Amino acid sequence: MDTLKNTSKIHDIDEIVINAGYYKVSEKQRTGSIVKVSAKEIENQPVTNVLSSLQGRMSGVSITQNSGVPGGGFNIQIRGQNSLRTSSSNGLDGNMPLYIVDGMPLSNTLNEFSRTSLSAIPGGRMNPLNSINPNDIESIEVLKDADATAIYGSRGANGVILITTKKGNSGKLQLNFTTNYSISETLSNLKLMNKDQYLQMRKSAYANDGITNYPANAYDLNGTWDQNNSPDWIKTLIGNKAAASNTQLAISGGNQTTNFIVSLGHNEQTTAFGRGFKYVSNNFNSNLSHQSVDKRFSVSLSNMFSEQRNNLVKSELTNLAYSLAPVSPSLYNPDGSLNWQGNSFINPLAAFNSRYENNTKLFQTSINTEYKIRKNLLLKLNTGLNYTALDELSLLPNTMYNPALANGSSSASSQAEKRNQQVFSFILEPQINWSKKWKNHHIDALIGGSFQRSVRKNDEMTGIGFDSNQFITNIGAAKTILITDQSSVEYRYAAAFGRLNYQYKDRYIINLTGRRDGSSRFGSNNRFANFGAVGAAWIFSQENFLKGNPWISFGKLRASYGSTGSDNIGDFQFLDNYNVSSSLNYNNTNGLTPSRLFNPSYSWEVTRKFETAIELGFLKNRLSLNLAWYRNRSSNQLVGYQLSAVTGFTSVMANLDATLQNTGFEIDLNARPIVSPGFKWESSFNISFPKNKLISFPGLAGSSYSNQYAIGYSTQIVKLYQLEGINPLTQQYQFTDFNADGKISSPDDNRVIRELGIKFFGGFNNSLQYKNWDLTFLFQFVKQNTRNYNANLKLPGGMTNQPEQVLNVWSTENPSGEYMPYHTSDPGGSTILFRSSTATVSDASFIRLKNLQLGYRIPLKESAFRNVKIYFMGQNLFTWTKFFGIDPEAASASALPTARTFVLGAQFNL
């Protein structure tokens with residue numbers, strides 16, 4: 001809101017207070033690496049998840065949206081990948097950061113892999129922050145190094161994201177009302193062949209194969225389909241304009257001892273699929289804060305309730321939109337039913353009859369109390385509870401198939417999947433803080449404990465066959481019911497932590513943190529572990545040799561080293577686990593099948609972090625420069641350890657003696673080039689250079705991971721065949737035969753290693769204010785390599801459309817052509833090998849105008865409103881890239897591309 005204070009780093013750093021979790025510290029005196037983003041930078045943006053607003057704003061924090069689907073997931077890495085358990089694996093992602101809202105950890109339920117949502121939501125994962133309205137957030141702090149994260153012990157290995165919701169202000173009653181309306185459309189630079197180019201490709205394929213009479217299944221050429229009917233599949237399937245409306249109402253007020261805020265938010269968003277698919281969210285947030293008159297006692301009560309309802313098409317449509325032939329029969333029969341053209345056509349519009357729904361409810365309350373026992377002694381108690389419920393429903397009716405086929409003939413083949421999860425968590429964190437100042441010395445000590453209990457109930461079932469599709473949402477009406485999961489799991493966590501901070505002359509600072517954790521996710525042999533860190537800082541600008549310097553107004557050197565851990569592996573994996581199998585039935589008794597082997601001895605993953613940094617301020621802090629270098633090493637990797645198949649299991653959960661290293665260099669530059677009564681210009685720039693490397697993995701060559709990892713390389717590698725070009729004699733792709741056996745095969749010939757992932761990323765943000773006008777814009781940039789469209793290339797010459805690049809065909813007249821002559825079948829499997837060759841990895845860098853906002857504050861002299869602001873905003877307005885693919889961010893042929901959004905809104909403050 002406009003009344004919020006701008007907490008940018010370029011202001012007086014003595015005034016900036018950073019939330020470090022269990023304590024607060026000034027920007028000037030912090031020894032750890034903490035980056036802060038305020039409400040001013042994220043509010044009113046047309047996003048349903050605040051992570052989208054943070055892209056390009058923070059060094060060392062890489063955020064990637066998995067797709068443009070509303071309510072989808074995000075991949076966030078804070079200073080790299082620390083665990084071999086990635087988001088592509090089933091179960092928990094070992095690289096998830098810890099999310100804390102008003103002192104209460106968020107449940108990971110929404111970030112877990114779900115088979116029910118797979119294909120509707122790419123990756124089958126959502127994100128916990130989908131449940132929080134970005135307009136309810138006061139600030140976000142991201143803790144990165146050991147000094148900042150070690151106090152969170154086993155939860156801090158992948159960084160910590162602290163979210164503080166808005167609080168009320170003392171004074172007369174205030175009402176703030178914000179509303180906006182937006183239109184979105186999907187974006188992609190990938191251009192497909194038009195109808196004429198496609199038909200010429202098909203004809204050339206048959207000519208190259210020596211076929212003069214088109215076969216019966218060449219429907220697009222033999223007259224079965226009308227060649228004049230050329231649908232735009234991208235527009236038809238994923239090209240609808242998506243509309244969204246967002247409304248926020250907040251009431252706040254208070255006096256010298258008590259203040260409050262209550263806010264209500266409602267958001268509705270249609271999708272690029274059209275057809276009534278919609279994402280709806282409702283949010284309620286409140287805070288009541290009280291401080292005694294003598295200021296010895298204070299209490300803050302925060303409540304948050306949210307509900308999200310997401311309705312999406314279940315079938316994957318993006319890949320279809322970019323591969324269907326641009327020639328087809330009419331989509332509808334004269335009576336309005338779908339046309340299957342005598343079983344020659346798979347009508348893609350039938351996919352819209354499939355459906356995926358989820359309903360997420362979150363209720364969270366947290367209470368933070370403080371009591372000053374004596375002048376230097378403070379007693380704290382943080383407690384809270386979180387209830388998260390996720391209901392998913394996937395519907396695959398027979399109407400999504402051709403009625404002439406067996407699975408489309410009747411509702412007896414319809415299927416429904418249902419998944420219900422409920423998580424209830426309670427946390428209690430007593431703390432005592434003591435501080436003492438004398439002469440040039442200052443000591444601040446903190447001791448506390450953390451006790452958490454979480455119970456998760458999970459029910460998953462599948463229903464097959466219904467008397468009518470009218471009953472498909474009721475799995476109890478199915479003819480066959482499969483119970484795939486029905487469980488109740490308890491998680492217990494306990495920790496003791498402490499912090500000791502010593503300052504001498506307010507310029508020499510040492511910060512010690514430590515924590516001992518115990519988790520029920522480990523066996524009795526290794527249930528507890530110790531973590532800690534030391535951080536130090538020297539504010540050299542306060543030394544006599546720099547005092548009064550007209551150029552350098554602030555200077556600080558800092559460094560930290562310590563260890564953090566991770567218990568993010570799922571519950572009770574150290575035990576023998578069994579599944580009840582309804583398919584193994586003897587004498588009306590269901591059998592048990594073993595699902596996991598016993599291993600009570602695996603222990604915590606450990607990440608050791610080292611950082612050194614320099615922070616500089618120039619010209620009375622109108623210009624600031626922060627430089628940081630870090631090295632994180634993660635060991636004791638918790639993954640599936642390969643076993644011989646004779647054991648009945650392919651793996652067992654164990655610690656691999658593998659070590660990952662993440663190093664990087666980060667630059668943050670902030671400036672106020674112009675500051676005057678009529679005009680202000682603030683600017684910031686950040687860039688990060690991360691590097692990930694597997695430095696140790698004993699026995700890798702003989703393990704099941706040998707084709708997935710390589711020592712000395714990033715964990716994001718692919719092993720490929722070396723494409724040498726096109727053989728003029730065979731007119732087929734030619735690859736390097738490394739073992740000279742006369743054939744191309746894996747693992748002998750796919751020896752070329754290509755590293756995927758980000759080389760550097762960052763953002764450039766500007767804010768200009770002239771009288772009643774304000775303009776802000778943010779550019780996001782990423783330098784990266786990834787798999788391109790060739791990795792999913794359909795056979796050029798087959799009955800699928802192709803990108804325009806495939807027109808560059810090799811011939812004697814065009815010896816530099818990249819694609820071999822078209823064929824109706826794949827000679828020698830050449831195209832299959834091509835999809836795993838060096839041609840499939842290329843540059844996917846991009847620069848994106850991430851956000852632009854132009855606002856005007858209407859001058860009001862005699863009005864009930866304190867101020868009124870109207871604004872226009874654009875999100876993802878332009879993307880500059882040479883990437884050969886649908887979207888350089890998601891870099892997947894099955895992910896809905898990023899959407900460009902235009903917003904018109906107004907803000908009224910009473």
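Predicted model: local features only at pLDDT ≥ 70, side-chain atom pairs only at ≥ 80, totals over all residues.
Local features need pLDDT of at least 70 and side-chain atom pairs count only at pLDDT 80 or more, while totals for chains, interfaces and linings use all residues. Residues are numbered from 1 along each chain as its sequence is written, and side-chain values use heavy atoms, with hydrogens and water left out.

## Salt bridges

The whole structure holds 34 salt bridges. The criterion is a side-chain nitrogen of Lys or Arg within 4 Å of a carboxyl oxygen of Asp or Glu. Three of these pairs are tabulated here.

| Glu43 | Lys166 | 3.9 Å |

Take Glu43 and Lys166, which meet in a salt bridge. The two residues are 123 residues apart and link distant parts of the chain. Glu43 lies in the loop between helix 1 (39-42) and helix 2 (50-54). Lys166 lies in the loop between strand 9 (160-165) and strand 10 (171-186). Helices (H or I, at least four residues) and strands (E, at least two) are DSSP runs, numbered from the N terminus. Both Glu43 and Lys166 are buried. Buried means under 20% relative accessible area, exposed means over 50%, and partly exposed lies in between (1.4 Å probe, protein chains only).

Asp444 sits in strand 18 (residues 441-464) and Arg499 in strand 19 (residues 480-504), 55 residues apart. Asp444 and Arg499 are both buried. Arg499 also lies over the face of Tyr23, at 3.7 Å from the ring centre. For such a placement, NZ of Lys or CZ of Arg must be within 6 Å of the ring centre and within 35 degrees of the ring normal. Arg900 and Phe878 give another case, with Arg900 over the ring face at 5.8 Å from the centre.

Asp887 counts as buried because its relative accessibility is 4%. Arg848 is buried too, with a relative accessible area of 2%.

Shared partners also build a network of salt bridges. Its members are Glu27, Arg30, Arg79, Lys144, Lys556, Arg558, Glu611, Glu615 and Glu666.

## Aromatic pairs

The search finds 29 aromatic pairs in the whole structure. Rings of Phe, Tyr and Trp (its six-membered ring) pair if their centres lie within 6.5 Å; planes under 30 degrees apart count as stacked, over 60 as edge-to-face and the rest as tilted. Phe685 and Phe781 are stacked, at 5.9 Å centre to centre with 20 degrees between the planes. Phe685 belongs to strand 30 (residues 679-696) and Phe781 to strand 36 (residues 773-787), 96 residues apart. Phe685 is partly exposed, because its relative accessible area is 29%. Phe781 is buried at 13%.

## A nonpolar surface patch

Which residues make the nonpolar surface patch of about 490 Å²? They are Phe297, Tyr371, Ile373, Leu379, Ile432 and Ile447. Patches use residues with over 30% relative accessible area and no salt bridge; like charges are joined within 9 Å, and nonpolar side chains (Val, Leu, Ile, Met, Phe, Trp, Tyr) within 5 Å. Areas come from the Shrake-Rupley method with a 1.4 Å probe; for residues, only the protein chains shown count as cover. Tyr371 lies in strand 15 (residues 355-374). Its relative accessibility of 37% makes Tyr371 partly exposed.

Contacts here mean heavy atoms within 4.5 Å, and the lists do not count residues up to four places away in sequence.

Asn267 is placed in strand 12 (residues 258-270). Asn267 is buried, at 11% relative accessibility. It touches Thr48, Ser245, Asn246, Tyr279, Val280 and Ser281.

Ser635 is in strand 26 (residues 623-635). The contacts of Ser635 are Glu605, Val606, Arg608, Ala658 and Thr659. Ser635 and Val606 are 29 residues apart in sequence, with 5.5 Å between their C-alpha atoms.

Ala20 occupies the loop between strand 1 (17-19) and strand 2 (24-26). At 3% relative accessibility, this residue is buried. Ala20 is in contact with Ile34, Leu143, Tyr152 and Leu162.
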